[in-house]
Amino acid sequence: MFSRLREDIASIIERDPAARTAWEVLTCYPGLHALIMHRRANWCWRHGLKWLGRFISHLARIFTGIEIHPGATIGRRVFIDHGFGVVIGETADIGDDCTIYQGVTLGGTSLSKGAKRHPTLERGVIVSAGAKVLGGFTVGEGAKIGSNAVVVKEVPAGATAVGIPARIIQKDTQTIREETAARMFAAYGLTSAADDPLSKALHGLIDNAATQELQVLKIVEALMRSGIPCELLPELEKFDPERLNKLVE
């Protein structure tokens, strides 16, 4: 028990620059307190003491603001940072080295008792603040869920899910390998806006429109030089692709 507690404290110090000492983590981190109480509640749940497990979970919710169903499975070195408002459902399965921020919900969408209703997070997943992961699917190893994303389908390993409903940003295999080798940690699951598929599509449309406008102007100039009259339309606001690109960054 104490070896696992030391492991949890060391993991938090490694991942949180605000953590100064082991004593501070042990006494002042509600995410750690919630996990310690969940282990007792889960033991009771697995040994048929269902009410006691629920009661311990209820006490943990009162003291920490974090609600973890005693039936949930949580791996080693999981870090619930800040944690207030986190809700983890009964059939949720959280792998080793995952990070969960405040306001996260790992919820279920099915009313079938006994079924797998809540998500599975594989090793090293980061779920950022306010995200909702809803359903009995799997979020692959090393994946990241962006802030306030609503995820309702499987997320591949190493990918990032952003938006409502969440869009999947795939990373190439080499990038995943490099990040895994370097054991990188992305606070709040942040990703570059340039990786967002919607942002890429909008930038492409803007650049395409600017190119077409330039081509039309060249055609009109060539026709006029050839003596072919071209009716001029009323001048509109000048198209500024650079300004539009900045708006969608």
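I started with Phe55, which is partly exposed at a relative accessible area of 35%. My scale: under 20% relative accessible area is buried, over 50% exposed, and partly exposed lies in between (1.4 Å probe, protein chains only). Trp51 is exposed, at 62%.

A note on sources: this is a predicted model, where local features need pLDDT of at least 70, side-chain atom pairs count only at pLDDT 80 or more, and totals for chains, interfaces and linings use all residues. Residues are numbered from 1 along each chain as its sequence is written, and side-chain values use heavy atoms, with hydrogens and water left out.

Next I looked for aromatic pairs, meaning Phe, Tyr or Trp rings (for Trp, the six-membered one) with centres within 6.5 Å; planes under 30 degrees apart are stacked, over 60 edge-to-face, the rest tilted. I found 1 pair. Trp51 and Phe55 are stacked, with 5.1 Å between centres and 10° between planes. They sit 4 residues apart in helix α4, so about one helical turn separates them. Helices here are DSSP runs (H or I, at least four residues), and strands are E runs of at least two, numbered from the N terminus.

Then I turned to helix α3. Its buried residues include Leu32, Leu35, His38 and Trp45. Among the elements covering them are α1, α2 and α4.

Last, the cysteines. I counted 0 disulfides, taking one as two cysteine sulfur atoms within 2.5 Å. Cys44 is buried at 6% relative accessibility, and Cys98 is buried at 0%.

Note on methods
Contact = heavy atoms within 4.5 Å.
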